[in-house]
Structures are given as C-alpha cells and as structure tokens.
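Trainee: I would like to go through some of the labels used for this model. Let us take them one at a time.

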Amino acid sequence: MRTLIAIPAYNEAENIERVIHHLQETLPGYDYVIINDGSTDNTKEICQANHFPMIDQAVNLGLAGTFQCGMKYALYHGYDAVIQFDGDGQHRPEYIPEMEQKIREGADIVIGSRFVTKPKPSSMRMFGSDLIQFFTRVTTGQKIKDPTSGMRMYGKRVIRAMAEQINLAPEPDTISYLMRCGAKVAEVQVEMDERIAGESYLTAWRSVQYMSSVCLSILFIGAFRKRIPLED
Amino acid sequence: MSYRIRILVAIGGILVFAFIISSIRRSKMMIGDSVFWFLFSLALLIIGIFPEIFFAIARTLHVASASNLAYLFLIGLLLIRIFQQDLKISQLTTKLQRLVQNMAIYQADHSEDRKETDSEHK
C-alpha cells in the first residue's frame, strides 16, 4: 500500500523544518509532500533549501483548497491512501502505520482521534466538538468521538471524489456526508501536541462561522445532497 | 399585514431555500457561501408566519410603519452583502492576476526557445 503524507503549510517557517525532520526520522521511506498555500513568510525558501518535496501554490487558497491540491496529486500519482498531516507539529507521525492498518482492514476514512480511550475534557472548544458529534450521530447513526480532529487518513474510494468535487473539504460535514454515501469510518487513539510556533487558521470569529457552516451543512444540506457512488 | 402578503413572503422564503439547495446539488455553489442565503430564507419564513415580531420591533424603535422598517432592514442587509461581494471580487481579481502572471513567467522560463538559448550559452 502506498500512502501519501500531505502537509498543508501556510506561514509555517518556524515549524516546517523541525516537523519534516521528525517525520523523516520516525517514518523513513514514506512519501510526503508539502503544499505551500501561498505563504507570505519564507516557508517556500526553507523547503527549497532543504530539498523537501513541495507543491508551491502561487496564491492563498485556504486549507480546503490546499488539501484538495494534495488529493489531486495523490490521485494523479496513484496513491492508495492520503493522510492530512499538519505542518505545525500537532500531529505525531508514529500513529500513521496504525491508521494505515485500519485502511487495509477496509475503512475509507480513519480519524486520528484524541478521545477513543481517553475522556474528552469539557471546554468551550470541546462544546463545539460535542455538538458536531451529536449532529453526526443523528444523521449517520454512528458515534465519532473526535469529529474535529484534523488528522485524518482517506482511502482510495474517497480520494477521487475529494480530489475532483466541490463541497468536500476535509471537515466534519464531509465526513458525515461521505458516511451517508456509504464510507466506513474508523478511529485510532492518538496523542496530539500543542502547536509550538505560529498562528492557527481558527480565530474566534472564524470559529463561530466555521461552527454555523459545519452544523448547517451536516443537519440540513446533507439531507438534500446527491449521494455519490464510492468506487475503487 | 394582510394574509396575501404574509403567504407571499413565506413562499418567497421557501423558494429561496429550494433554489439554494438545488444549486448545491448541482455543485454550483460552495456550502460556505450558502449560509447567508439559508439564514435569509429562514428570516423570510419567520416574518411571513409571525409578522408580530416585526411590529414589536417597529414599536420599540419608534418607527411609524412596520413596512418601512422592513424596507430599511432589507436594504441594509443587501448593502452589507454587496460590500462583502465587492471585497471578495477584489480578492479574487488579485489572486487571478498573480496566478496569470506566475504562469506566464513560468512558461516563458520553461519554453523550448529558452532551452535552446540556454544550451547555446553552455
């Protein structure tokens, strides 16, 4: 099985070198690619100087468009699985082989979940997670313990659709929608690290927009969307 | 407000909702961009069914007629929307320019002529 580690990077100059070196040490021989999302710092120059494989987007597309670029790359190069791996060091590479195993066992989406065996803390942020978990359960009947985790691996049956169609951003509403289309989801317990440097995509106002858009999408829009066939 | 107008407003809300859903089904609209229109259709539906809300707001704001308030509200909402769209069009234009320029420069650097002149220099 060939897995591509897709690493979206927007202004990750302070992190990217450390993250990639750690990835190379932990999982030598794995294919990975950095997708530079039109960074305004010197993320691009650092990747070039280190000869990291990189797709350089000339303009900023945001996370959805950037990850889709990684999906397209994987589709064109015939990969069997793609994992979304953060460029800021939150995700730990040692869990990737375990997630691959779930794909081999027949899962279409594997979530690197913080709360499979460990309890979810209660905070404002986790309230959002609970809400999405509840809506996902209502619409699909399945309990996803960490729906907002950004560490997700996608198998061949969903790669083509996600690479080519609109409205399949790597977000919880897409997971719920793909489940309605027949995708199997598995979760693997992982640990995540706090980001060490740089800023997150999500600010307070964006979190509110994000939550309303995702919840609306799962609850209402999901019911009306055409089911796409999942093919190998 | 007469029953006819109320029913008309409510039907308008339902039509907006149906139109947005069909746009998403045909992959013509991104879900993020549709949020405004869903809230808008919901607002129309609520005003159609419970116009009393509007009358109450008009009384508290000392606006003589509720329909004036409705116009004010709608025009304000549309102005905000137009401004947001202009903002987005500007951003898209900038991105498109940068994209075209980058591609043109890339192609100029990688065209056959360039390769030939490069090899002559060597």
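**Helix crossing and strand pairing**

Mentor: The model is predicted. In chain A, the axes of helix 3 (residues 62-76) and helix 6 (residues 156-164) come within 8 Å and cross at roughly 125°.

Trainee: Why are helix 3 of chain A and helix 6 of chain A called oblique to each other?

Mentor: Set the angle against the cut-offs. Roughly perpendicular covers 65 to 115 degrees, and roughly antiparallel needs over 145. The crossing is at roughly 125°. Helix 3 of chain A and helix 6 of chain A are therefore oblique. The crossing is left-handed.

Trainee: Which residues meet there?

Mentor: Helix 3 of chain A brings Gln68(A), Met71(A), Lys72(A), Ala74(A) and Leu75(A). Helix 6 of chain A brings Ile159(A), Arg160(A), Met162(A) and Ala163(A). By class, this contact has six nonpolar residues, one polar and two charged.

Trainee: What makes strand 4 (residues 81-84) of chain A and strand 6 of chain A a pair?

Mentor: Pairing needs at least two bridges. Three bridges join these strands, which run antiparallel. In one of them, Ala81(A) has Gly155(A) as its partner.

Trainee: How do you know that strand 5 (residues 109-113) of chain A pairs with strand 6 of chain A?

Mentor: Apply the cut-off of at least two bridges again. Strand 5 of chain A has three to strand 6 of chain A, and the two run antiparallel. Val110(A) stands opposite Met153(A).

Trainee: What makes both faces of strand 6 (residues 152-155) of chain A count as covered?

Mentor: Buried takes 20 or more other C-beta atoms within 10 Å. Arg152(A) and Tyr154(A) on one side are buried, and so are Met153(A) and Gly155(A) on the other.

Technical notes:
Residues are numbered from 1 along each chain as its sequence is written. Chains are lettered from A and ligands numbered from 1 in the order in which they are written. This is a predicted model: local features need pLDDT of at least 70, side-chain atom pairs count only at pLDDT 80 or more; totals for chains, interfaces and linings use all residues. A residue is buried if 20 or more other C-beta atoms lie within 10 Å of its own, exposed if 12 or fewer, and partly exposed in between; C-beta atoms are placed from the backbone. Helices (H or I, at least four residues) and strands (E, at least two) are DSSP runs, numbered from the N terminus. Axes are lines fitted to C-alpha atoms, for helices over the stretch in contact, and angles run from 0 to 180 degrees between N-to-C directions. Angles under 35 degrees count as roughly parallel, over 145 as roughly antiparallel, 65 to 115 as roughly perpendicular and the rest as oblique. A crossing is left-handed if the near helix is turned anticlockwise from the far one by less than a right angle, and right-handed if clockwise. Two residues are in contact if their C-beta atoms, placed from the backbone, lie within 7 Å. Ala, Val, Leu, Ile, Met, Phe, Trp, Tyr, Cys and Pro count as nonpolar, Asp, Glu, Lys and Arg as charged, and the others, Gly among them, as polar.
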